[in-house]
Amino acid sequence: MERKKYNISVEATLEVIGGKWKCVILCHLTHGKKRTSDLKRIMPAITQKMLTQQLRELENDGIVKRIVYNQVPPKVEYELSEYGRSLEPILTALCNWGDQHIIKEYGDKAAVLEDNGLNDFTTDNDRELMKP
């Protein structure tokens, strides 16, 4: 097998987590284990085929663990592997940048982000008021 060459290290990162859905899946998994149906429910725009494909690729890259429970009906959950958890600072930075971008472009995160329990709609001013 020929060794792959990268122009810059970020190419290796994007090869693993790039694309429209992988970072979104990973961000949801930072909040804990999820079944495929949970991910589909909180990501309604993704097709079942694409979700399955992205989860398999993340699993093959060692980023996500697939947990199969031996029961009837079958139960499968996904969680970040230890290696996948090493991406959390990167995912947090991407989310923080996205928050700032949304505020810059739209003025209000609540106007464009889904109220799915994962998004923080507090402003910096609200955080200042909540400090003890």
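Q: Which residues make the nonpolar surface patch?
A: The model shown is predicted. In it, Ile8, Val10 and Leu14 make a nonpolar surface patch of about 280 Å². Val10 belongs to helix 1, which covers residues 9-17.

Q: Is Val10 buried, partly exposed or exposed?
A: The general idea is to compare the relative accessible area with two cut-offs: under 20% is buried, over 50% is exposed, and values in between are partly exposed. Val10 has a relative accessibility of 44% and therefore counts as partly exposed.

Q: How many salt bridges are there?
A: A salt bridge requires a side-chain nitrogen of Lys or Arg within 4 Å of a carboxyl oxygen of Asp or Glu. By this rule the count is eight salt bridges. One of them joins Glu57 and Lys22, whose closest N and O atoms are 2.7 Å apart. Because Glu57 lies in helix 4 (residues 48-60) and Lys22 in helix 2 (residues 22-29), this pair ties together parts that are 35 residues apart in sequence.

Q: Are Glu57 and Lys22 buried or exposed?
A: Glu57 is partly exposed, with a relative accessible area of 29%. Lys22, in contrast, is buried, its relative accessible area being 4%.

Q: Which residue forms a salt bridge with Lys65?
A: The partner of Lys65 is Glu79, and the closest N and O atoms of this pair are 3.1 Å apart. The pair links distant parts of the chain, 14 residues apart: Lys65 is in strand 2 (residues 64-69) and Glu79 in strand 3 (residues 75-80). Lys65 counts as partly exposed at 40% relative accessibility, whereas Glu79 counts as buried at 17%.

Q: What is the distance between the closest N and O atoms of Glu88 and Arg85?
A: These atoms are 2.8 Å apart, and Glu88 and Arg85 form a salt bridge. Glu88 counts as partly exposed, at 24% relative accessibility. Arg85 also counts as partly exposed, at 35%.

Q: How many aromatic pairs does a search of the whole structure find?
A: In general, a pair of aromatic rings is described by the distance of the centres and the angle of the planes. Here the search of the whole structure finds zero aromatic pairs.

Q: Which residue lies over the face of Tyr69?
A: For a charge to sit over a ring, NZ of Lys or CZ of Arg must be within 6 Å of the ring centre and within 35 degrees of the ring normal. Lys75 lies over the face of Tyr69, at 4.9 Å from the ring centre.

Definitions and conventions
Residues numbered from 1 in each chain as written. Predicted model: local features only at pLDDT ≥ 70, side-chain atom pairs only at ≥ 80, totals over all residues. Heavy atoms only, no water. Helix = DSSP H or I, 4+ residues; strand = E, 2+ residues; numbered from the N terminus. Buried < 20%, exposed > 50% of the residue type's maximum accessible area, 1.4 Å probe, protein only. Patch = residues over 30% accessible without salt bridge, like charges linked within 9 Å, V, L, I, M, F, W, Y side chains within 5 Å. Areas by Shrake-Rupley, 256 points an atom, 1.4 Å probe, with all protein chains shown as cover. Phe/Tyr/Trp six-rings, centres within 6.5 Å; stacked < 30°, edge-to-face > 60°.
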